[in-house]
Amino acid sequence: MHRETLFPERVSVAKARTQFVCQNCGTVHARWAGKCDGCGEWNTIVEEDPTGGIGGGPGKTPKKGRPVALTALSGEIEEAPRIQTGISELDRVTGGGFVRGSAILVGGDPGIGKSTVLMQAAAALARRGQKVIYVSGEEAVAQIRLRAQRLGADNTDVLLAAETNVEDILATLADSGKRPDLFIIDSIQTLWSDTADSAPGTVTQVRVGAQAMIRYAKQTGAAVVLVGHVTKDGQIAGPRVVEHMVDGVLYFEGDRGHHYRILRTVKNRFGPTDEIGVFEMSDKGLREVSNPSELFLGERNEKSPGAAVFAGIEGTRPVLVEVQALVAPTSLGTPRRAVVGWDSARLSMILAVLEAHCGVRFGQHDVYLNIAGGYRISEPAADLAVASALVSSLAGIALPADCVYFGEVSLSGAVRPVAQTAQRLKEAEKLGFTKAVLPAASPEMPKGLSGQWSGIESLPDLVARIAGSRRALQRDEDME
Ligand code: TYD
Ligand code: MG
């Protein structure tokens, strides 16, 4: 006997059932709930009809498709049309300017300076004759004007609106004559649309709002910038979905206690990622820092042990930054390990390698590691600088002030080569460093540089070198 005839009701019930899908992570739930079990987000579960869409099974007859022309991979390429602000740190992270018809998301902690940088960009573009519309859902027009005054941007033709309703914003845009070249929404979390019935700031509203703005960008060729606030765990509140929808994602980072702000490219469909733009917050807005190395090395105390200069690369640009370590005898049963600006798991690894392969013991010592200037390093190439700073602090021997360090350390204690050796060394030389400790196997030893570059093969070599420098130092003192 056939199953259908055995359970006729069940078959028909199954067909009519709808499902509840989390809009953040895609988990399917049997019934609606306030919180998704899958990702822990609230208010993200929406009822959907599983029979609709591609692969939805029988039920609806799909509309007859229209064939599109298939084409070859080779062919003419149009350069993405860009609008440059003239603020070179900003143009760098966007890959050479905002792309017309594209949408980018600028994320960051509240108060970090997103509205400030965008107002400065808006003013710079308006001065170049571009039409810029700035829509704020967070501040009143008077407040925005006040900020613009402070930034010296109040005499530009930037058009303002304080509005949060998606339909009203679109109507305003349609009504404002020529389409804008740049259009800023501050912030995406304040948008709400009549078509979605959840509260503003929920994933559904944010998604609908972002979609409407992105559609507007694609249709008209305006460049759209969406501002998004970041939650405590470092993600743009709720709408990680927005990251997938936009063409570029920039994160604005920085330590509140410091003046430096770093705009970092996380995603870019029209240019390189891993680029950074460095700014300094002043009383007249954000100031560009075109040579970040000078900034991060600014307050260096060259005589004290525990400091090593790391020659790093951010995107296409070399950045020198000081790694500071403090190794002090512990009074606790379990010694402390504290890290600011670097990965703590990576620190544990370097400590373990130093203990296992070099006989350097940290078991009775607290270890503190700090990257100067509120900067954050993500490159493994910093391993060698960190190891040097640690050994230097433990042994109480200051490292040579005119030396930079870079190289990746493997678990075996070997020092492995890293990319862009020449660029790192050139930057170091430009800033007056004449020595470098780098992996012996570095592939592209640069020509035309006059410094002393010493290649080392393994971490024990490094330790021996630092210990050796104490002996040399003592000899010098004895001779005097
Ligand atoms: P803001 O751009 O409003 O931050 P966000 O939009 O990311 O929330 O920046 C606010 C902070 O910047 C605030 O703490 C004041 C400071 N600030 C200055 O120090 N100088 C300035 O010229 C401006 C406009 C702001
Ligand atoms: Mg703001």
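Helices (H or I, at least four residues) and strands (E, at least two) here are DSSP runs, numbered from the N terminus. One thing to keep in mind: this is a predicted model.

**Around ligand 1**

Let's start with the shell. Helix H4 (114–127), helix H5 (141–150) and strand E13 (276–282) each give at least two residues to the shell around ligand 1. H4 has the largest share, with 3 residues. Counting 16 residues around ligand 1, the ones that come nearest are Gly-111, Ser-115, Thr-116, Ser-282 and Gly-285. Sorted by class, the shell holds 6 charged, 6 polar and 4 nonpolar residues.

| Residue | Part of the residue | Distance to an oxygen atom of ligand 1 |
|---|---|---|
| Ser-115 | N or O atom in the side chain | 2.6 Å |
| Gly-285 | polar backbone atom | 2.7 Å |
| Asp-283 | backbone N or O atom | 3.3 Å |

As for cover, ligand 1 exposes 550 Å² when taken alone, and the protein buries 76% of that.

**Over at Val-93**

Now for a single residue. Val-93 sits in helix H3 (residues 88–93). Is Val-93 buried or exposed? Its relative accessibility is 0%, so Val-93 counts as buried, the cut-off being under 20%.

Who are its partners? Leaving out residues up to four places away in sequence, Val-93 touches Leu-250, Leu-263, Thr-265, Asn-268, Glu-275, Ile-276 and Gly-277. Take Thr-265: Val-93 and Thr-265 are 172 residues apart in sequence, yet their C-alpha atoms are 5.7 Å apart in space.

Technical notes. Residues are numbered from 1 along each chain as its sequence is written. Chains are lettered from A and ligands numbered from 1 in the order in which they are written. This is a predicted model: local features need pLDDT of at least 70, side-chain atom pairs count only at pLDDT 80 or more; totals for chains, interfaces and linings use all residues. Side-chain values use heavy atoms; hydrogens and water are left out. A residue is near a molecule or strand if one of its heavy atoms lies within 4 Å of it. A polar contact is a pair of N or O atoms within 3.5 Å; within protein, one must be able to donate a hydrogen and the other to accept it, and residues adjacent in sequence count only if both atoms are side-chain atoms. Accessible areas come from the Shrake-Rupley method with a 1.4 Å probe; for residues, only the protein chains shown count as cover. Ala, Val, Leu, Ile, Met, Phe, Trp, Tyr, Cys and Pro count as nonpolar, Asp, Glu, Lys and Arg as charged, and the others, Gly among them, as polar. Buried means under 20% relative accessible area, exposed over 50%, partly exposed in between (1.4 Å probe, protein chains only). Contact means heavy atoms within 4.5 Å.
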